[in-house]
Amino acid sequence: MIASVTTATLCGFGTELIRVETDITQGLPQLSIVGLPDMTVRESKDRVRSALMSAGHDFPLRRITVNLSPADTRKEGSHFDLPIAVGILIASGAIDPEQAAGSAFLGELSLDGMINRAEYGVALALGLKEKGVKAMFIPEGNIDEMKHIDDVSFFPAGGLGEIIDHLSGFKAIVPTVFHAPACGSGCLGVSYGEPDWRGDGAQASYGFECGDFAEVRGQERAKRALQICAAGRHDLAMYGPPGSGKSMLASRMPSIMPPLTREEILEVAKVYNIAGKDPYEGRAVCGRPFRAPHHSVTATALVGGGCRPRPGELSLAHRGVLFLDELPEFDRRALEMLRQPLEDRFVDLSRVGYQSRYPCEFILIAAMNPCPCGYYGDPIQECRCTAYQRRRYNARISGPLLDRIDLHVHVGRVEYSELEGCASAGSSSADLYKGVARAIAAQGARGSAFTYNGDLTPDDTEKYCALGTESERVLKAAYIAYGFSARQGKKMLRIARTIADIDGSGDIRPEHVTEAISYRKPSDILNTGGPQ
Amino acid sequence: MNCHHTLKLEDKGYPNALKYIEKPPSTLYYRGDISVLAGACVAVVGSRKATDYGRWAAYNLAHRLSAHGVVVVSGMAEGIDSFAHKGALEGPTPTIAVMGNGLDICFPRMNEALSRRIADNGLLLSEYEDGVHGTRFTFPARNRIISGLCRATVVVEAGISSGSLITAECAAAQGRMVYAVPGNINRKLSVGCNKLIRDGAAPLVFFEDILDDLGLRGRVKVTCVDGTADSVSADMGEDEALVLGAVCEHGNMTVDDAAALTGLAVTATTSVVTLLEMKGLIHFDHGRIIPANA
């Protein structure tokens, strides 16, 4: 009898449903696996044989053929052990095939019959759910990471024996089903989980603590720029001398970002899982990733790659923040790689037989000094660099890359009196988040699908960022005064829209436009301009 | 690039002011409009390194001089010189750049666009023929031509060993007026200027001083210095007046400072700063607000 068991394999960023077909015929005792298995899958026959015998079953001394269908997809991962073992049991008549129909099996066997954690558990389970599979037998070690996948019956098992007992009706495994919380309907800003981490009722389920903006004295303009970025998903470049607080500001960004929705949590978990990391590790307090790769990062590590492609830093920052400190120190080639993903918000990697698309919808925060010594434009400390050095330094970042960054802000030195705290502490994360929440609500109420202002298409920009006559006049004057390109003009509109949303204003008023204009790209970053 | 002309010492058009200095150049190579030499000339020079303050002063002084029909002469070096030329080009009067190398070579390279603008709207001068590269001797030597062409020389910003001090020395030796823009005494780039003042140069306290001293004020060509004022309503709101007042009173400052001084919100201050900048009343550069008009 031919047995057919369902499982799945990773195919780039996607998941493909795999049927494990097992046939036992007369012939010399042997087990052959066909259907493009990789080395790990090929080796599974020895694990399966020992595990079956440890679980108290005979290993059929006949010719066993296992076919992984579709046969032209490469299969990778050690989780094929369990479906192969179950297939052999069904084919040998030990288990009723009806019992296993409709369920998927994932798990790596050890020689003593135990089931080890499957490496790509979350990604595979998500893929199977998408393909309509409602019941999955998974290793006990994977059950915790499935907590955000709802409407699926998970049968966690610690050993092969438990699964055999369940399938033969001897002792059932109690299925675990996770339910979406009532409020987590997928709209942004609705949060669930326990700790009230911002003190304003917003809650996140997990993640490391990041600081509060109240700890940064002064720098109100930079905080405002970060608030706009968090509210409308815009990218930001900060320029300033060493020690002015650029890194400190950036690292507090997650504290004013809305918690992830359920869908987003799963998207991010999948990326991390495929990257070979704990699906929920390295998240900031809002559940969003905060990635700050060192400037020695290679182009491949940044965008992803490898012979079996794995997501890079860009994708690991999906739905979160990518912070590039000391931007000009990065490898030029690595930086140029950013251009297309910044525009398209995904990375395509092509390998033999397939192409995979990794999402990378992050907020880019770049920080740099204005010159090699760091003090150009500082009112107190004299800059030691020649104009030539300064040009060389700034020329390491290409114009097109800077052009794609929405907001630019100078972070100056903070006077001692401000540090003393005699002035008020300034805006805290909770203060700033109020504006962000307003803007998120406004963006959600607009159009059919939720779109951040930073992602509006040209058509939508025209539709949602219409200006009144007075605002139009201001923007027109700016076009003339600063020589804006059409792209920059549209960018100003989207930023002005976000500022108006933070304000809770339906119309974009002139002051919103002028504020947006103040975050334009400085003319003298690439040449030593000045008033001209 | 080789479409330049020559002017010999014995030629009729050779400027008188230059004829009677020590070691006048025997041949001048030029590109552009030679009749510019007939106008009243003032040199605006300074160091290659420049602060916001220096760039602001050079740009606006040159602009103001140009508006009053005065030809601004400088050396087209980086920093102060470039900004003097840029300011002058914004006005109606042509400007003169005196080079320390052959006219077929553009040095510094970054000023290629500027040199083209000057050739179209003024005059490029050099005592060196094509192919001569600038050396440590040619640049100081051309400084005597800059000062020699002019009735007065203004040093905008200079360190203790700046080349523009040589220009000032030449001017003094040639019996021309020397002005220096005073600066804070704790700033390296103002030491040269402050020393000049101590040694007898006139401090430039108001831009108009120089026009009065040279008797050039009557020759005003345009009164409206501002090009953008008419595109945004020029009348100021209450907040704008408040911010502009604070900036003019306290010198350059950040948006946060301005907000603290005026009591406005940072967001409101930011909008006002952009408006003021579009009206040409301030510059917003490297995160600092600088008043545009003295």
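Predicted model: local features only at pLDDT ≥ 70, side-chain atom pairs only at ≥ 80, totals over all residues.
Modeller: Residues are numbered from 1 along each chain as its sequence is written, and chains are lettered from A in the order in which they are written.

Biologist: Why are strand E12 and strand E19 of chain A said to stand at the edges?

Modeller: The open sheet runs in the order E12-E15-E18-E11-E19 with parallel pairing, and E12 (290-291) and E19 (407-410) each have a single partner strand, so one side of each is left without a neighbour in the sheet. Strands here are DSSP runs of E with at least two residues, numbered from the N terminus, as helices are runs of H or I with at least four.

Biologist: What makes E11 and E18 of chain A a pair?

Modeller: Pairing requires that DSSP finds at least two bridges between two strands; E11 (residues 236-239) and E18 (residues 363-368) have 4 bridges in the parallel sense, so they qualify. In E18(A), A:Met368 is the bridge partner of A:Tyr239.

Biologist: How do you know which residues of chain A touch chain B?

Modeller: Contact means C-beta atoms, placed from the backbone, within 7 Å, and by that criterion 28 residues of chain A are in contact with 35 residues of chain B. H19(A) gives the largest share of the chain A side, 5 residues.

Biologist: What does B:Val44 touch?

Modeller: Leaving out residues up to four places away in sequence, B:Val44 touches residues including B:Ala58, B:Leu61 and B:Val154.

How values were computed: Contact = placed C-beta atoms within 7 Å.
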